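Q: I would like to learn how to read a protein model one feature at a time. Please go through it with me.

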Amino acid sequence: MKIHYLEIVTPDVEAVCKAYEHSQNASFSQPDEMLGGAKTSLLQDGSILGVRGPLRENETPVVRPYYLVDDIEAAVQHVEAQGAEIAMTPMEISEKGKFAIYIIGGIEQGFWEL
C-alpha cells in the first residue's frame with residue numbers, strides 16, 4: 001500500500017506550508033489549478049503532499065490520503081461493497097491520472113490511478 005497523494009485542506013494554506021517548510025525542510029510549488037489550487041511538495045518516496053484551501057463554503061479541514069491503485073474502478077467497487085460512501089466517483093485529471101474519494105468509518109480517503 002502506497003500513498004500517492006496526501007491532501008491537506010485548510011483555511012490557512014500559508015501557515016501549514018510554512019510549518020512543513022521549517023519542520024521538514026519541504027519546499028512547495030506555486031498553486032496547481034489542476035489540484036484545486038494546491039501548493040505541492042514532492043516527498044522523498046515519490047509521494048506528493050498537497051495543501052489547499054476549501055473549494056466550497058461547507059468544505060471542512062481534512063487530511064485525506066489517496067492510495068495508489070492499479071484499477072480505480074475495481075478499488076471503488078470493493079470499498080463500496082464494504083459499506084463505504086462514494087463521495088467522488090473516479091474522475092480524470094489531465095496528465096495526473098484518476099482519483100476517487102470514499103468515506104468509511106467516518107474517515108475520508110481516496111484512490112489514485114496513474
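Q: Are Tyr66 and Trp112 buried or exposed?

A: Buried means under 20% relative accessible area, exposed over 50%, and partly exposed in between, with a 1.4 Å probe and protein chains only. Tyr66 and Trp112 are both buried. The model is a predicted one, in which local features need pLDDT of at least 70 and side-chain atom pairs count only at pLDDT 80 or more, while totals for chains, interfaces and linings use all residues. Residues are numbered from 1 along each chain as its sequence is written, and side-chain values use heavy atoms, with hydrogens and water left out.

Q: How do I read a pair of aromatic rings, and what kind of pair do Tyr66 and Trp112 form?

A: The distance of the centres and the angle of the planes describe such a pair. Rings of Phe, Tyr and Trp (its six-membered ring) pair if their centres lie within 6.5 Å; planes under 30 degrees apart count as stacked, over 60 as edge-to-face and the rest as tilted. The structure holds 6 aromatic pairs. In one of them, Tyr5 and Trp112 are tilted, at 5.3 Å centre to centre and 55 degrees between the planes. This pair links distant parts of the chain, since Tyr5 is in strand E1 and Trp112 in strand E7 (residues 107-113), 107 residues apart. Tyr66 and Trp112 form an edge-to-face pair, with 5.5 Å between centres and 85 degrees between planes. Here Tyr66 belongs to strand E4, and the two residues are 46 apart. Ring pairs link Tyr5, Tyr66, Phe99 and Trp112 into a cluster.

Q: How many helices and strands are there?

A: Helices (H or I, at least four residues) and strands (E, at least two) are DSSP runs, numbered from the N terminus. This protein has 2 helices and 7 strands. Along the sequence they follow the pattern β-α-β-β-β-α-β-β-β.

Q: Which strands does E1 pair with?

A: Two strands pair if DSSP finds at least two bridges between them. E1 pairs with strand E4 (residues 62-68) in the antiparallel sense, over 6 bridges. Within that pairing, Glu7 has Arg64 as its bridge partner. E1 also runs parallel to strand E3 (residues 48-52), joined by 5 bridges, and Tyr5 stands opposite Ile48 there.

Q: Why is E1 said to be largely enclosed by the rest of the structure?

A: Strand E1 (residues 3-9) is described that way because 5 of its 7 residues are buried.

Q: Which residues make up the largest nonpolar core?

A: A nonpolar core is a set of buried Ala, Val, Leu, Ile, Met, Phe, Trp, Tyr and Cys residues joined through side-chain atoms within 4.5 Å. The largest one has 10 residues: Tyr67, Val69, Ile72, Ala75, Val76, Val79, Ala84, Ala100, Tyr102 and Phe111. Helix H2 (72-81) gives the largest share, 4 residues. Contact means heavy atoms within 4.5 Å. Setting aside neighbours within four places in sequence, Val79 is in contact with Ala84, Ile86, Tyr102 and Phe111.

Q: What is the phi of Asn25?

A: Most residues other than glycine have a negative phi. Asn25, though not a glycine, has a positive phi of about 60 degrees. Asn25 lies in the loop between helix H1 (13-24) and strand E2 (39-42), and its relative accessibility of 71% makes it exposed. Glu95 also has a positive phi, near 65 degrees. Glu95 sits in the loop between strand E5 (85-93) and strand E6 (97-104) and is exposed, with a relative accessible area of 82%.
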